[in-house]
Every structure is written in structure tokens, then in C-alpha cells.
Amino acid sequence: MGSRPGGVIDQNIALIGFMGSGKSAVAQALSAMLQRRAVEMDAAIEEREGMSIADIFRTRGEAYFRGLETEMLEELQGEEGLIISCGGGAAMREENVRKMKERGTVVLLRAAPGTILERVKDSEDRPLLEGRKNARYIGELMEQRREKYEAAADIVIDTDEKTVRQVCEELIRKLEGMKKEDV
Ligand code: S3P
């Protein structure tokens with residue numbers, strides 16, 4: 001699997017989607033299954049800035065954070081075979097999506113607002129949801145983002161009621177399918 005140089009499965013895989021859609025968990029599992037390095041964009045930004053995402057938003061503002069995301073994606077383009085778990089807002093900038101696609105396949109993970117709520121309800125590190133952790137707000141923000149998420153995606157996977165492993169297997173099957181179409 002994935003030995004043909006330049007094949008779809010050898011490229012970077014950028015996981016996009018709403019907060020709580022499972023990008024981080026899928027990136028970790030996929031990293032083990034494909035023997036590829038996974039990069040968590042939010043964690044890499046936190047490490048570089050020496051502060052949490054919540055503190056970056058609070059002290060420097062969202063626009064500053066968005067700039068860091070674009071810089072990080074730019075840097076990651078220099079590498080190959082990565083699994084990049086993107087922050088939920090990263091696909092909102094066309095410039096970012098262009099960078100993801102330069103060397104990779106963009107995979108959108110989707111989930112219903114109720115599923116997202118279940119997954120994020122106990123976390124405190126998502127400033128955009130602070131004080132608004134309810135399915136209605138999640139649904140509204142998701143709707144605002146839907147068009148851009150879907151336009152960016154090469155592959156779409158619905159994750160509701162699926163295990164991380166099932167999502168990974170579906171993703172690998174779809175990547176392999178793209179690879180065949182490529183030949
Ligand atoms: C954001 C999603 C977060 C993080 C930041 C903003 C967003 O990442 O980058 O809080 O705009 O959707 P996760 O999707 O990993 O939670």
C-alpha cells in the first residue's frame with residue numbers, strides 16, 4: 001500500500017472539519033496505521049508560542065492566531081507524507097486550502113451538532129465555544145462554514161456513530177480509490 005512515489009496515499013493528508021469532528025483522534029490512529037508522522041497544528045502553535053490556544057485568543061486575538069495557522073501550513077508544505085490535523089477554522093481561508101492542496105489530499109470529517117456537543121462539552125480549550133456550548137450555536141457556526149469546508153474537501157467522511165478505526169479504514173479505502181483513478 002502506498003509505495004508508488006507521488007501516489008495520493010504518499011502525499012500529505014490534511015484533516016479538516018469542525019471542532020470535535022475527530023481530526024486529532026483520526027490523525028493519531030492513521031499515523032500508527034500508515035506509519036506516517038502526525039502533526040497537530042494547534043499543539044504545534046501552542047508549543048511555538050509557549051501558550052495555550054485559549055491564551056493566544058485572549059491575549060493576542062483571533063486574527064493573530066489565524067496568521068499563525070497560515071504560517072504553520074506554509075512551513076508544513078516543505079514536508080511530505082504528513083498527516084496534518086488542522087484547527088477547525090483553518091479551511092476558512094482560501095490561501096490555507098491552496099497550501100493544503102499543493103502537496104496533499106484534503107479530507108473533511110463531518111459530524112452532526114449533537115455529536116460535536118457530546119465530544120466537546122467537557123473541554124475548555126475551544127475559545128470560540130466558551131459560553132456557547134450548545135447544539136444550536138454549534139449548528140449555526142457549522143452552517144456558516146459548511147460551504148467552505150465542502151469546497152475544500154477531496155474526500156468527505158461522516159463520522160457519526162463510527163469508531164475512529166472505522167473512519168480511518170474508510171479514509172484509506174477512499175484514498176486508495178483516488179489513487180486508482182489517478183493511474
Ligand atoms: C478553531 C478550532 C480549534 C482551534 C481554535 C479555533 C475554529 O481547533 O484551532 O480554537 O475556529 O474552529 P480544533 O478544531 O482542533 O478544536
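A polar contact, in what follows, is a pair of N or O atoms within 3.5 Å; within protein, one of the two must be able to donate a hydrogen and the other to accept it, and residues adjacent in sequence count only if both atoms are side-chain atoms.

Good morning. The model before you is predicted: local features need pLDDT of at least 70, and side-chain atom pairs count only at pLDDT 80 or more, whereas totals for chains, interfaces and linings use all residues. Residues are numbered from 1 along each chain as its sequence is written, and side-chain values use heavy atoms, with hydrogens and water left out.

I begin with the ligand. Asp-42 places a polar side-chain atom 2.7 Å from one of the ligand's oxygen atoms. For Arg-66, the distance from a polar side-chain atom to a ligand oxygen is 2.6 Å. In the case of Lys-23, an N or O atom of the side chain lies 2.4 Å from an oxygen atom of the ligand. The protein buries 97% of the 390 Å² that the ligand exposes when taken alone; accessible areas come from the Shrake-Rupley method with a 1.4 Å probe.

Which residues come nearest to the ligand? There are 14 residues around the ligand, and those that come nearest are Lys-23, Asp-42, Arg-66, Arg-126 and Arg-145. A residue counts as near if one of its heavy atoms lies within 4 Å. This shell comprises six nonpolar, three polar and five charged residues. Here Ala, Val, Leu, Ile, Met, Phe, Trp, Tyr, Cys and Pro count as nonpolar, Asp, Glu, Lys and Arg as charged, and the others, Gly among them, as polar. Helices α3 (53-60) and α4 (62-76) each contribute at least two residues to the shell; helices (H or I, at least four residues) and strands (E, at least two) are DSSP runs, numbered from the N terminus.

The largest pocket has a volume of about 420 Å³. Its lining has 25 residues, with Met-19, Asp-42, Gly-87, Gly-88 and Arg-126 nearest the centre. By class, eight are nonpolar, seven polar and 10 charged. At least two lining residues come from each of α1 (23-34), α2, α3 and α4.

The second largest pocket has a volume of about 170 Å³. Among its 13 lining residues, Arg-110, Ala-111, Met-142, Arg-146 and Glu-150 lie nearest the centre. Helix α7 gives the most to this lining, four residues.

Finally, I turn to the largest cavity. Ile-45, Arg-48, Glu-49, Leu-68, Glu-71 and Met-72 line it. Two or more of these lining residues come from each of α2 (41-49) and α4. Three are nonpolar, none polar and three charged.

Technical notes: 1 Å grid on protein atoms, 1.4 Å probe; cavity = no way out; pocket = protein on both sides within 12 Å on 5 of 7 lines; lining within 4 Å. Points joined across faces, edges and corners; volume = space filled by probe spheres on them.
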